[in-house]
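Hi,

Here is the structure I said I would pass on to you.

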Amino acid sequence: MVGTATFVGAALGLSIQFFSNGVRKLPLMRHPWEHVLAMGLGAAFGNAMAKWEVHLQDELDKRLQEVQSANKKRFIGTMRAVED
């Protein structure tokens, strides 16, 4: 997953740099170091998004566990009140 995020982010950065040069009607490879910089920033962004997605999934699992245990306690408490 991290390799895919890195590759997609780098491709996104490169394509944004090509698009930027194309819109301004400049040669596409005008400053190659800008392409490398854009690819690096895109790869960092892709990795950050992958890590954030994992973090959000962990938070969601934790909150669902809390809600499930609270609902179970609430249900068990009402059943004891009915039996008494």
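This is a predicted model: local features need pLDDT of at least 70, side-chain atom pairs count only at pLDDT 80 or more; totals for chains, interfaces and linings use all residues.

You'll find W52 in helix 2.

Together with L12, I16, F45, M49 and L56, W52 makes a nonpolar patch of about 600 Å². Which helices supply at least two residues each to the nonpolar patch? They are helix 1, which runs over 2-23, and helix 2, which covers 32-83. Helix 2 gives the most, with 4 residues.

Next, the link between the helices. K25 sits in the loop between helix 1 and helix 2. Is K25 buried or exposed? Its relative accessibility is 74%, so K25 counts as exposed. The backbone is worth a glance here too: phi of K25 is near 55 degrees, which is a positive value in a residue other than glycine.

Now for charges. Side chains of opposite charge can pair when their charged atoms come close. How many salt bridges does the count come to? The answer is 1. It joins K62 with E59, and the closest N and O atoms are 3.9 Å apart. The cut-off is 4 Å between a side-chain nitrogen of Lys or Arg and a carboxyl oxygen of Asp or Glu, so this pair qualifies. K62 has a relative accessibility of 44%, so K62 is partly exposed. E59 comes out at 26%, so E59 is partly exposed as well.

Last one: Q17, which lies in helix 1. With a relative accessible area of 12%, Q17 falls under the 20% cut-off and is therefore buried. What does Q17 touch, leaving aside its neighbours within four places in sequence? The residues in contact with Q17 are E34, H35 and A38. With E34 there is also a polar contact of 3.1 Å, which joins the two side chains.

Cheers

Note on methods
Residues are numbered from 1 along each chain as its sequence is written. Side-chain values use heavy atoms; hydrogens and water are left out. Patches are made of residues with over 30% relative accessible area and no salt bridge: like charges are joined within 9 Å, nonpolar side chains (Val, Leu, Ile, Met, Phe, Trp, Tyr) within 5 Å. Accessible areas come from the Shrake-Rupley method with a 1.4 Å probe; for residues, only the protein chains shown count as cover. Buried means under 20% relative accessible area, exposed over 50%, partly exposed in between (1.4 Å probe, protein chains only). A polar contact is a pair of N or O atoms within 3.5 Å; within protein, one must be able to donate a hydrogen and the other to accept it, and residues adjacent in sequence count only if both atoms are side-chain atoms. Contact means heavy atoms within 4.5 Å.
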